[in-house]
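Morning, everyone. Please bring up the sequence and the structure, and I'll walk through the parts I want to discuss.

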Protein chains: 2
Amino acid sequence: MIGALEATGNPASIHGAGRLARRVLEEARGQVAIAVGAASGDVVFCSGGTEANATAIAALAPGRRVLVGATEHDAVRAAVPADAVVLPVLQDGTLDLAALESGLAGGGPALVCVMLANNETGVVHPMREVAALCRAHGALLHVDAVQGAGRMKIDMGSLGAATLALSGHKLGGPKGAGALVLAAGMHLPALIAGGGQERGRRGGTPALPAIAGFGAAMAAVGDAGRLAGLRDRLEAAAVGLGAVVCGSGPRLGNTSCLALAGVRAETQVISLDLAGVAVSAGSACSSGKVTESRVLAAMGLGELAGCAIRVSLPWNACEADIDGFIAAYSVMTARLRTKGVPGGPGGAASLHPAFSS
Amino acid sequence: MIGALEATGNPASIHGAGRLARRVLEEARGQVAIAVGAASGDVVFCSGGTEANATAIAALAPGRRVLVGATEHDAVRAAVPADAVVLPVLQDGTLDLAALESGLAGGGPALVCVMLANNETGVVHPMREVAALCRAHGALLHVDAVQGAGRMKIDMGSLGAATLALSGHKLGGPKGAGALVLAAGMHLPALIAGGGQERGRRGGTPALPAIAGFGAAMAAVGDAGRLAGLRDRLEAAAVGLGAVVCGSGPRLGNTSCLALAGVRAETQVISLDLAGVAVSAGSACSSGKVTESRVLAAMGLGELAGCAIRVSLPWNACEADIDGFIAAYSVMTARLRTKGVPGGPGGAASLHPAFSS
């Protein structure tokens, strides 16, 4: 990234400084393409996951019925038309495939928006089945892979998606870069047209330093199994202290959604923050306003939806980070027990069949 | 920026890491606001000038007739509706105010898009008169200030614009950040909605490192007069070698458009590049495709529109840079003279009344 900061040329310029900047851009494009099994020419850089989702939906939704998962990120929910059909999820957090099938059976061209993995629970949707249903009904599939990328294998060649959204800062890159990846042969109009950069699919001078960091992060994606081991230890300790883990479907190795019955999520976030542990209540993107998690409510968790925190292990998390979390979580639950707030060991886990550790 | 890279929190998060990131964001917002005489709350960060222009026009154009200057940047031209009225410029490159007035007299709500200064010639439009005409006819004014910012004083309080577009990398900041500045009390819908960041006016996690650099660059804007002095020396030398300066209207201190009759712009760009001088033919943003400059054609320069290069002095240009340019330009014109190509001293300057040095 430091090198990219020094590449002050405009990658669209034909002079030497421009060509150097273009090399930085195209190297990053190749890194992203390889990481998701796409051709370089099908990677469209933009400012992040939100723009990537907005671009795909703005291009593909007109003239199509839109079906969108109930637990999609706000970046997707805010981009789909107001009359989009919201597809429910099962109690385990995965998409209700029967609802998708009956929704698609309505006929006519359709766009289906289903995320690869959920940002609050880490639950991974049954993408193979989703794609097969879309294919069978001639529907286009847009996949928000912002949370899943870098934590599970992605292959555009076999995924069955028309478009795929990625974000650099979710996998160790800097904020300010993302990509929309297109299926081979797919073309779509720009949401931001400008000077015709990115082969006319996204105008504006590319955010070179952030893009370079995004590419490097994609190329450096580590061992997802290592994070899953850390996550398992964290969750076992939290459950022993009274937490329940939300989302019993298949999950990413780095994301835990921990509910503590009767304790407001905001209280937990502040308590853990005082101990130096940064967690979110629901989606960080909307957590300035702490409200009940729409995702957990869609999973049928009722009041518990306001009592869950989201713990994300970054790519460089280590054993000491897990120790630190467990110590902070332990202090928090002990203090809450003293105050007579529910949430002690064994308190709520059996009440909600949707939870698993 | 390095500090901002290390602020890995999400500015929307309420924990300590989030609050630190928010401080970085709000410090930059204050720097931009002060530099353009706006309130912090009226600065909406986005990915750059192209997005800022696209956001303003997408929000304000519906339901209004759109009038757009003939020499506007592609970021604006690509964003306005296909039926927008194109306002001609005078031979000196400034907007034809009589055309604006008669266009506005057509009646009905209107949006006028006029740039503060042109990116190819540096010509500064008569913004006071433009704003007065818009006010008199109840039209909204959007100003693309991407080229002018940092090179001339901007005061949102007196400019008369509803919206103003800025780009960080045009004034020494990194690529990947810009802002849309709103008039006091103005609100507009987001082009990219997402999680409601930037008070609902631009979704997506802000590009913190680039935004920090943008703010710092705005706060560090230097002495425009110093650049104008360097520019004058550069232009005088180029004119002595046969160049004509395009755009006799008031101009920015850092931008020169130098035409050499009979010599294709691309030939000049490549020749100067070999000598280590990076110039563009027309707008860098579209210069991958070297075509005749639409801006110069609109100024009535005819065939000369394909024979002009754009020389931009960056914020840190120094006397040695001017020496380097003059040496390279001198070698180039001498070689062209040897080959019998027009462009020698005195060759074309008198043919085009629109030129001035």
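**Domains, chains and a few residues**

Between domain 1 of chain A and domain 2 of chain A, the count is one salt bridge, meaning a side-chain nitrogen of Lys or Arg within 4 Å of a carboxyl oxygen of Asp or Glu. The side chains of A:Asp74 and A:Arg294 meet in a salt bridge, at 2.8 Å, N to O.

Ground rules. This is a predicted model, where local features need pLDDT of at least 70, side-chain atom pairs count only at pLDDT 80 or more, and totals for chains, interfaces and linings use all residues. Residues are numbered from 1 along each chain as its sequence is written, chains are lettered from A and ligands numbered from 1 in the order in which they are written, and side-chain values use heavy atoms, with hydrogens and water left out.

Back to the domains. Domain 1 of chain A covers 2–219, and domain 2 covers 225–356; the bounds come from an automatic or database domain assignment. Their centres, over C-alpha atoms, are 28 Å apart. In contact (heavy atoms within 4.5 Å) are 27 residues of domain 1 of chain A and 25 residues of domain 2 of chain A.

How much area do the two domains of chain A bury between them? About 2,000 Å², with 55% of it on carbon and sulfur atoms. Buried area here is the accessible area (1.4 Å probe) that two parts lose on being put together, summed over both. On the domain 1 side, A:Gln91, A:Glu120 and A:Thr121 lose the most area to domain 2, together 35% of what that side buries.

Now the chains. Chain B and chain A bury about 3,600 Å² between them, and 64% of that is on carbon and sulfur atoms. The contact takes 52 residues from each of chain B and chain A. The rule finds two salt bridges across this interface. B:Arg19 forms a salt bridge with A:Asp273, with the closest N and O atoms 3.1 Å apart. By class, the side of chain B that touches chain A has 24 nonpolar, 20 polar and eight charged residues. For those classes, Ala, Val, Leu, Ile, Met, Phe, Trp, Tyr, Cys and Pro count as nonpolar, Asp, Glu, Lys and Arg as charged, and the others, Gly among them, as polar.

A:Asp273 takes us to helix H10 of chain A, residues 265–274. Helices (H or I, at least four residues) and strands (E, at least two) are DSSP runs, numbered from the N terminus. Which residues of H10 are buried? A:Ala265, A:Gln268, A:Val269, A:Ser271, A:Leu272 and A:Asp273. Buried means under 20% relative accessible area, exposed over 50%, partly exposed in between (1.4 Å probe, protein chains only). The cover over them includes strand E9 (255–259), strand E10 (308–312) and helix H12 (319–338) of chain A, together with helix H2 (16–36) of chain B. Just after H10, A:Gly276 takes a positive phi of about 85°.

A:Ser167 lies in strand E6 of chain A, residues 163–167. A:Ser167 counts as buried because its relative accessibility is 4%. Beyond four places in sequence, A:Ser167 is in contact with A:Gly49, A:Val146, A:Ala177, A:Gly178 and A:Phe214.

B:Gly9 sits in the loop between H1 and H2 of chain B. B:Gly9 is buried, at 7% relative accessible area. Not counting residues up to four places away, B:Gly9 touches A:Lys175, B:Ala17, B:Gly18 and B:Ala21.
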